[in-house]
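Here is a short briefing on one protein structure. Keep the sequence and the 3D view open while you read.

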Amino acid sequence: ALVCLGDLGCGSHSGTRESFEDARAYLASFDTDWGTILGNHDLERVETFATDQAAVACYCDVFGLAAPYRTIELGDALGVLLSSTGFRDNRGYKHEVSIDDAQFAWLRATLEANRKRPIFVFSHAPPLGSQLRVLQYPHLRGGNAWLNQSNAPGRFAALLAEHPQVRLWFSGHNRLAQHYEDSASLVGQCLFVHTGV
């Protein structure tokens, strides 16, 4: 399967319906199952959408999803796709990658319901505690390297400690992992992999 880790568009039309439609057409051109999530740049077009919720609703409409997060079947493993849902509403820096409380509750329930199955998680930014080398200030020196960095960032490490069936966690937000010698890190049973773009 192919999973796109967010920031679906680029340049003048990132964060628009057009960027979502372009990404859908591109991913559908591969002869395999695929999924995608929302990154921070997918929510940044404030002149196009009045609210974060409107941008998320447009993404769900284009991709035919009930919610911006979901699971996908990966053979014996279950893929868990988490989308950034905050931009205007972020408590800290607007480009911080954050998932809302409802999505976190869904993640916890999904892990509880699948304790005997290997879980692969996909998010735009890595969680704090992953021990990945990241850029702390990639966007105009605004700290946003970690998932929910200014809103309970430690809850992901605590959740993983309770759920050792999470074996892989992929992220891509910082974009430069292809240059890092240490863009993968094993913490407990989970291998965190920060991909390049």
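The points below go from the whole chain to the sheet, the helices and then the loops.

This is a predicted model. The protein chain has four helices and eight strands. Of its 197 residues, 52% count as buried.

**The chain as a whole**

- Start at the N terminus and the elements come in the order β-α-β-α-β-β-α-β-α-β-β-β.
- Take the contacts between residues at least 6 apart in sequence: 68% of them join residues at least 24 apart.

**The sheet**

- Six strands make up an open sheet. Their order is β3-β4-β5-β6-β8-β7, and the pairing is mixed.
- The edge strands are β3 (70-74) and β7 (184-187). Each of these two pairs on one side only.
- On average, neighbouring strands in this sheet are turned by 20° against each other, with direction ignored.
- β3 pairs with β4 (residues 77-81) in the antiparallel sense, over five bridges.
- Look at Thr-71 for one example: its bridge partner in β4 is Val-80.
- Helix α3 lies across β3, β4, β5 and β6 (166-171). Its direction is at about 175° to β4.

**Helices α3 and α4**

- Helix α3 covers residues 101-113, and helix α4 covers residues 155-162.
- Their axes come within 11 Å and cross at roughly 15°. Angles under 35 degrees count as roughly parallel, so α3 is roughly parallel to α4.
- The crossing of α3 and α4 is right-handed.
- On the α3 side, the contact is made by Asp-101, Phe-104, Leu-107, Arg-108 and Leu-111. On the α4 side, it is made by Arg-155, Phe-156, Leu-159 and Glu-162.
- By class, the residues of the contact of α3 with α4 are five nonpolar, no polar and four charged.

**Helices α1 and α2**

- The axes of α1 and α2 come within 10 Å and cross at roughly 30°. That angle makes α1 roughly parallel to α2.
- α1 passes α2 in a right-handed crossing.
- From α1, the contact uses Arg-17, Phe-20, Glu-21, Ala-23 and Arg-24. From α2, it uses Ala-55, Cys-58, Tyr-59, Asp-61, Val-62 and Phe-63.
- The contact of α1 with α2 has seven nonpolar, no polar and four charged residues.

**The loop between β5 and α4**

- Asn-148 is found in the loop between β5 and α4. Is Asn-148 buried or exposed? Asn-148 has a relative accessible area of 0%, so it is buried.
- Leave aside the neighbours within four places in sequence. Asn-148 is then in contact with Glu-96, Val-97, Ser-98, Ile-99, Pro-153, Arg-155 and Phe-156.
- Asn-151 lies in the loop between β5 and α4. Its relative accessibility is 18%, so Asn-151 counts as buried.
- With neighbours within four places in sequence left aside, Asn-151 is in contact with Arg-91 and Glu-96.
- Ala-152 is in the loop between β5 (119-122) and α4. It is not a glycine, although it has a positive phi of about 55°.
- Ala-152 has 37% relative accessibility, so it counts as partly exposed.

**Other loops**

- Where does Asp-7 lie? Asp-7 lies in the loop between β1 (2-4) and α1 (17-28).
- Asp-7 is not a glycine, yet its phi is positive, at about 55°.
- Asp-7 is buried, with 17% relative accessible area.
- Ala-50 sits in the loop between β2 (34-36) and α2 (52-63). Its relative accessibility is 72%, so Ala-50 counts as exposed.
- Ala-50 and Arg-88 are 38 residues apart in sequence. In space they are 9.4 Å apart, C-alpha to C-alpha.

How values were computed:
Residues are numbered from 1 along each chain as its sequence is written. This is a predicted model: local features need pLDDT of at least 70, side-chain atom pairs count only at pLDDT 80 or more; totals for chains, interfaces and linings use all residues. Side-chain values use heavy atoms; hydrogens and water are left out. Axes are lines fitted to C-alpha atoms, for helices over the stretch in contact, and angles run from 0 to 180 degrees between N-to-C directions. Angles under 35 degrees count as roughly parallel, over 145 as roughly antiparallel, 65 to 115 as roughly perpendicular and the rest as oblique. A crossing is left-handed if the near helix is turned anticlockwise from the far one by less than a right angle, and right-handed if clockwise. Contact means heavy atoms within 4.5 Å. Ala, Val, Leu, Ile, Met, Phe, Trp, Tyr, Cys and Pro count as nonpolar, Asp, Glu, Lys and Arg as charged, and the others, Gly among them, as polar. Buried means under 20% relative accessible area, exposed over 50%, partly exposed in between (1.4 Å probe, protein chains only). Two strands pair if DSSP finds at least two bridges between them.
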